[in-house]
Amino acid sequence: MNILYFLIGCSIVVALIFLAAFFWSIRSGQHDDMHTPAIRILFDDDKPDQTE
Amino acid sequence: MAVTTSIAASCYHCGTACENDQYILDDKAFCCAGCRSVYQILAENNLCNYYHYNDTPGQVRNEKQQRFDYLDEPSIVSKLIDFTDQDITVITFYIPAIHCSSCIWLLEHLHKLNCAVLHSRIDFLKKEVNITFKHSQLSLKQLVELLSAVGYEPLISQQDVVKEKKHSVNHSLIKRIALAGFCMGNVMLFTFPEYLGLSSFERQFQSLFGWLNLIFSIPVVFYSARDFFTSAWASLKNKMINLDTPLALIIAVLFLRTAFEVITKTGPGFADTLTGLVFLLLMGRWVRQRTYHHLSFERDYRSYFPVGVTLLKEGNEKPAAIDNINIGDRMLIHNNEIVPADSILMKGEGWFDFSFVTGESAPVQKVLGEIVYAGGRQLGEAVEMEVVKPVSQSYLTRLWNNETFNTTESKIKNFNDSIARYFTYAVFVISFGSALFWVLQGDNAKAWGAFTAVIIVACPCVIALSTPFTLSSVLSIFDKNRFYLKNTDVVEQLARIDTLVFDKTGTITSPQAAALSFSGHLTQFQKELIASLARNSVHPLSREIIKWLQVDTFYSVSDYREIAGKGVSGIIKGHSLVMGNAAFAAGGSEENADSSTVHVSINDEFLGYFKIRQQWRSGIKEMISNLSAKFSFHLISGDKETDRGSLKTIFPHGTPLNFKQSPQEKLEYVQRLQEDNRKVMMLGDGLNDAGALKQSDLGVAVTDNVNNFSPGCDAILDGTSMPVIPRFISLAKFGMRTIKKSFGIALVYNMAGIYFAVQGTLSPLTAAVLMPMSTITIITFTSISTHYFAKKNKLK
């Protein structure tokens, strides 16, 4: 059952990667504005030449 | 698009009802030239999608055109911008008009309006837009003028709301919570086999799991829980004990005992309790730090005053930063600009709106040579004024030099910290007592076990958690009822209030409901005559009168004369009309000091007068009589005594009514009440109340639009929620009672824990079960009972 030592190590490494990703996302400001992106995604793309 | 009558009736841009069909473009009706010009700009630049995301997304365009000349002054510009280099400049504006998805769409397509704008991004909740532009092609002034032209005028003030908010964002707490939660999760995984009992096969992992648990607790203690240690240390240095002192002690003991057990291989340690405790405590802190992005509680006169002003130097106009104004400087104040310093009116006709200072909405006329206090907004033509006092020493701004504004300590010692002292003593007595008992019995190992176990199990985490969770659920109920508190401590202050002090104008009177009334009777023809005459005058009262008369027919006026400070006269269709103050229009028959009356006579026959009457906010009377049994009231108004009679009918008999109070006197009045051991709640709205709001135990700014300016305060109350105040107070009191009850529940759990702990038989399993059990019970109890109470009291 020595494989368990390896698996525990793996699980900790994976968890640490996720923690690091969360820290990075805070630092890069992804959580600063939780509202606007939800509205922004609903805008249509601009048509290249809209007729007036 | 086909024009139906319903569309023609309301403005395509802002949705206001169109008074006439004067402004039409592309078959679309507009209420005013301002709205039409915005549409025109957008149509020319192919940005009509703006109107597709929402119907009538615009805001009414007031005619007031701000001047942004001061934005050409490099010293002012450098204070405002975030970043600049050779090519680009980055700036963040606060734009109060942002309110819908169309706003986001338009402001993020600014580059279509002007290609010098490279990038713009909105933060909707904060109403901020961050713009990157090439300053070689577009100056800051031009950018602001562009934003104004499409109806999104940024609010630029000396107290930079945008920059101050940036510092308040607390990333570090979230990081601490994340780390504590991460470690807690992992520790739980490794401790779980221990809960179920280890088989002989699993025992080979026991020491590994122990070491991993210890490693995971290190960052939790030294990074996540750091604040508890620093705060405990600071309070011990001041010879005080706050709630963080026992918490820090417990965290330290848990960590030391875990390390001891793991290293000596005597047990699994308490790493699960430790990490769980820190995680929950930090969650409690996070709940406490609720922030309202759209509100600011820290504003002072600087956020209301302009950034720059036009100075006249040797006949030339020159913009200058407001800090550089000196005594003797000649200022040019345009229409709708604010007088930044006490000064003397030198040239022009001064009509000043002091509504931000006094709450009084009717403009005041000043004659040449008269002193105008800082904070007035000029209405009408541009005037020249000479500065007599620098900005920081003016009548109004002097208030902020008062020491009240320089103290930051919390006003009332909160329940938590006062209970923490007794709690800590009790824990020490029990833990040392049980340790002593076991030492005397000669069992040193049990003494150490019992000592640490008592400290662990007696954890005041329930108090530390029940307070923020109860108060924040109270806060969220207040929030739904449009009563916004600065933080959870304010709820505690609200629960202790026994005296209410009111400002009059704008607080118990409603500025919007100021009703115009006419003393006599007017025929339709007379109405038309009056409206025709009033149309020629720029006086604000004339505009109110025209609005009130609601006539569609206007006649031409001959022999029109306007005498400043008196009134207007003219001949219309052969009838001679005179309108103005009593002496001018009513032949001086009655002396009426009230400036808010307009007397009318036609063909020398006196018809009556228009009067602007302040209206009390609805429900005020019921609210006062509701509270009068338990609270005492005071009124401090900056106005004249004209309303004393009607105020007496609102307040209970014997309520002190004080008039003509200066901002400084208001502050001192509150101070005197506090010296009599009264807990004062001050309700005010204007800058003149700012001192009293700050001095009081609970300063509430009453406003009709929470996005508008409100002076620095502890809470912001929407004017329509005034009648609900008694229920707010009883909910706050209920919240405090709930906390005390939950403290009782926690004591029961602690007693049970201590029963095992003093015997030295506390297993990690018992600790691990007891702590979350009590926490979950308490949080459920407090939030359910608070919401139940709110519902019973018909709060939303």
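Q: Why is helix α7 (residues 140-149) of chain B called largely enclosed by the rest of the structure?
A: In this predicted model, 7 of its 10 residues are buried, so the helix counts as largely enclosed. The buried residues are Leu140(B), Lys141(B), Leu143(B), Val144(B), Leu146(B), Leu147(B) and Ser148(B). Their cover includes helices α4 (74-80), α5 (101-107) and α6 (110-113) of chain B. It also includes strands β4 (88-94), β5 (117-123) and β6 (128-134) of chain B. After α7(B) comes Gly151(B), with a positive phi near 95 degrees.

Q: What makes Ser434(B) count as buried?
A: Its relative accessibility is 7%. Buried means under 20%, so Ser434(B) qualifies. Ser434(B) sits in helix α15 (residues 415-440) of chain B. Leaving out residues up to four places away in sequence, Ser434(B) touches Ala450(B), Val454(B) and Val758(B).

Q: Why is Leu7(A) called partly exposed?
A: Its relative accessible area is 45%. Leu7(A) belongs to helix α1 (residues 3-27) of chain A. Leu7(A) is also one of the residues in a nonpolar surface patch, with Met1(A), Ile3(A), Phe6(A) and Phe201(B). Together they have about 550 Å² of accessible area.

Q: What makes the pair Lys666(B) and Asp689(B) a salt bridge?
A: The closest N and O atoms are 2.6 Å apart. The limit is 4 Å, so the pair passes. The pair links distant parts of the chain, 23 residues apart. Lys666(B) is in helix α25 (residues 663-675) of chain B, and Asp689(B) is in the loop between β26 (680-684) and α26 (690-695).

Q: Are Lys666(B) and Asp689(B) buried or exposed?
A: Lys666(B) has a relative accessible area of 0%. Asp689(B) also stands at 0%. The cut-off is under 20%, so both count as buried.

Q: How do you know that Glu386(B) and Arg330(B) meet in a salt bridge?
A: The N to O distance is 3.9 Å. The rule asks for within 4 Å, so the pair counts. Glu386(B) lies in strand β15 (residues 383-387) and Arg330(B) in strand β9 (residues 330-333) of chain B, so the bridge ties together parts 56 residues apart in sequence. Glu386(B) is partly exposed at 27% relative accessibility. Arg330(B) is partly exposed at 27%.

Q: Why is Asp244(B) classed as buried, and why is Arg285(B) classed as partly exposed?
A: Asp244(B) has a relative accessible area of 12%, and the buried class lies under 20%, so Asp244(B) is buried. Arg285(B) has 25%, which falls between the 20% and 50% limits, so Arg285(B) is partly exposed. Their side chains meet in a salt bridge (3.0 Å, N to O). With Arg176(B) and Asp227(B), they are linked in a network of salt bridges.

Q: What makes Arg40(A) and Glu108(B) a salt bridge?
A: Their N to O distance is 2.7 Å. That is within 4 Å, so the pair meets the rule. The rule finds 1 salt bridge across the interface of chain A and chain B. The area buried between these chains is about 2,600 Å², with 64% from carbon and sulfur atoms.

Q: How does the span of helix α28 (residues 764-792) of chain B compare with what is expected, and what is that value?
A: Its 29 residues reach 42 Å from first C-alpha to last. At 1.5 Å a residue, 42 Å is expected, so the span is close to that value.

Note on methods. Residues numbered from 1 in each chain as written. Chains lettered and ligands numbered in written order. Predicted model: local features only at pLDDT ≥ 70, side-chain atom pairs only at ≥ 80, totals over all residues. Heavy atoms only, no water. Patch = residues over 30% accessible without salt bridge, like charges linked within 9 Å, V, L, I, M, F, W, Y side chains within 5 Å. Areas by Shrake-Rupley, 256 points an atom, 1.4 Å probe, with all protein chains shown as cover. Helix = DSSP H or I, 4+ residues; strand = E, 2+ residues; numbered from the N terminus. Buried < 20%, exposed > 50% of the residue type's maximum accessible area, 1.4 Å probe, protein only. Contact = heavy atoms within 4.5 Å. Buried area = accessible area lost by both parts, 1.4 Å probe.
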